[in-house]
Amino acid sequence: MSYLGVGFSPGTVLAYHSTNLKLFDKRIKIAELVLRFMILGLGVVVAVLIRTDSQVKVFFSFEKEAKFTDVKALVFLVVANGLAAGYSLIQGLRCVVSLVRESVLFNKPLAWAIFSVDQVWC
């Protein structure tokens, strides 16, 4: 019972009860695959946009062109986006392999490693 007078029963929690777990598992794998490749695409787009962007500023009669290499934070951002895109590509290929083989994961330590690296990237 909460202090507001509204009770909560564990019996009212929604749960997924289905006999077709293979279909549910396949949908989860497809959703993961789509999200991984969206991250890959967005990471590549951001890295390319920052890499190719420049700005010209005229100060009196001098022209100075600013590039992403002039700011260390932007260099780090391009490298980090490239690494995230590469990791998403590797994980997306792993998702494709697991969909073709119809297996969940290779082993438990690999699952923990993937989970840990996913948490670090976020």
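Here is a short tour of the chain, stop by stop, for you to follow in your viewer.

Before you click anything: this is a predicted model, with local features needing pLDDT of at least 70, side-chain atom pairs counting only at pLDDT 80 or more, and totals for chains, interfaces and linings using all residues. Residues are numbered from 1 along each chain as its sequence is written, and side-chain values use heavy atoms, with hydrogens and water left out.

**Whole chain.** Colour by secondary structure and you get three helices and two strands, in the order α-β-β-α-α from the N terminus. Those are DSSP runs numbered from the N terminus: helices are H or I with at least four residues, strands are E with at least two. Of the 122 residues, 17% are buried; that label means under 20% relative accessible area, with exposed over 50% and partly exposed in between (1.4 Å probe, protein chains only).

**Helix α1.** Select residues 21–52 and pick out Val 44. Val 44 counts as partly exposed because its relative accessibility is 40%.

Is Lys 29 buried or exposed? Buried, because its relative accessible area is 8%. Show Ser 98 too: its backbone oxygen sits 3.5 Å from a polar atom of the Lys 29 side chain.

**The nonpolar patch.** Next, select Phe 37, Leu 89, Leu 93, Val 96 and Val 100, which make a nonpolar surface patch of about 420 Å². Patch members have over 30% relative accessible area and no salt bridge; nonpolar side chains (Val, Leu, Ile, Met, Phe, Trp, Tyr) are joined within 5 Å, and like charges within 9 Å. A salt bridge here is a side-chain nitrogen of Lys or Arg within 4 Å of a carboxyl oxygen of Asp or Glu. Helix α2 (residues 72–101) gives the largest share, four residues. On that helix, zoom in on Leu 93, which is partly exposed because its relative accessible area is 49%.

**Annotated spans.** Last stop: an unreviewed UniProt entry annotates residues 33–50 and 71–90 as "transmembrane region"; such annotations may be inferred rather than shown by experiment. In the model, residues 33–50 are 100% helix, with end C-alpha atoms 26 Å apart. For residues 71–90 the figures are 95% helix and 29 Å.

Definitions and conventions:
Areas by Shrake-Rupley, 256 points an atom, 1.4 Å probe, with all protein chains shown as cover. Polar contact = N/O pair within 3.5 Å; in protein donor to acceptor, adjacent residues only side chain to side chain.
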